Amino acid sequence: MSSFVVDKKGVKRYAVTMDVNGMEYTKVIKANTLLVNFLREDLDLTGTKRGCELGDCGCCTVMLDGKPVNSCLVLAMDCDGHEITTAEGIQDGEDLDIVQEKFIEHAAFQCGFCTSGMIVSSRALLNENPNPTDHEVREAIAGNLCRCTGYVNIVAAVLDAAKEL
Ligand code: FES
Ligand code: FES
């Protein structure tokens, strides 16, 4: 259990330390702070989107120790000592990741609200399986809902990225 302090209102706040996109952060947070809110509000990493907050839409997807998770369903406290990768951490410094490049090339987004989560899920897939089939790509992004594109260009972008890995 992380160490805690009690604030002026008598609420316990816990110290958590986690590696986010290769940087170590220590913050003092409430026990019920969701990972999505921790990333967006405590770390200003607003690339992770907040949609349904019910685990249905996938726009809040981040990697937790390399595995995609819905960050609206994870308590930040439970990430103490773990590694998080957000959409911001997919790219390499100023250089876009190949998945990001292919999303642009294939016009795999319209409003863009699902895009961060889609790219995180796609990247997690390619890290595990650099040569996926069309079906495997669709399975990997099954938890990421897109209201705009019809998925065809998204799947094409991921398959094309795989070819260049
Ligand atoms: S905001 Fe997390 S799944 Fe929709
Ligand atoms: S691009 Fe609009 S929801 Fe996917």
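Reader: How many salt bridges are there in this structure?
Author: This is a predicted model in which local features need pLDDT of at least 70 and side-chain atom pairs count only at pLDDT 80 or more, while totals for chains, interfaces and linings use all residues. Side-chain values use heavy atoms, with hydrogens and water left out, residues are numbered from 1 along each chain as its sequence is written, and chains are lettered from A and ligands numbered from 1 in the order in which they are written. A salt bridge is a side-chain nitrogen of Lys or Arg within 4 Å of a carboxyl oxygen of Asp or Glu. By this rule, the count of salt bridges is eight.

Reader: Which residue forms a salt bridge with Glu 41?
Author: Glu 41 is exposed, at 51% relative accessible area (exposed is over 50%, buried under 20%, partly exposed in between, with a 1.4 Å probe and protein chains only). The closest N and O atoms of the pair are 2.8 Å apart, and the partner is Arg 50.

Reader: What is the N to O distance in the salt bridge of Arg 138 and Asp 134?
Author: Both residues lie in helix α5 (residues 134-140), four residues apart, about one turn of the helix. Arg 138 is partly exposed at 38%, and Asp 134 is partly exposed at 37%. Their side chains meet with an N to O distance of 2.9 Å.

Reader: Which residues are joined into one network by salt bridges that share partners?
Author: The salt bridge of Lys 102 and Glu 105 has been described above. Through shared partners, the network joins Lys 102, Glu 105, Asp 160 and Glu 164.

Reader: Which residues make the nonpolar surface patch of about 250 Å²?
Author: Patch residues have over 30% relative accessible area and no salt bridge, with like charges joined within 9 Å and nonpolar side chains (Val, Leu, Ile, Met, Phe, Trp, Tyr) within 5 Å; areas come from the Shrake-Rupley method with a 1.4 Å probe, and for residues only the protein chains shown count as cover. One member, Phe 109, is in the loop between α3 (98-105) and α4 (115-128). Phe 109 is partly exposed, at 34%. The patch is made by Leu 96, Ile 104 and Phe 109.

How values were computed:
Helices (H or I, at least four residues) and strands (E, at least two) are DSSP runs, numbered from the N terminus.
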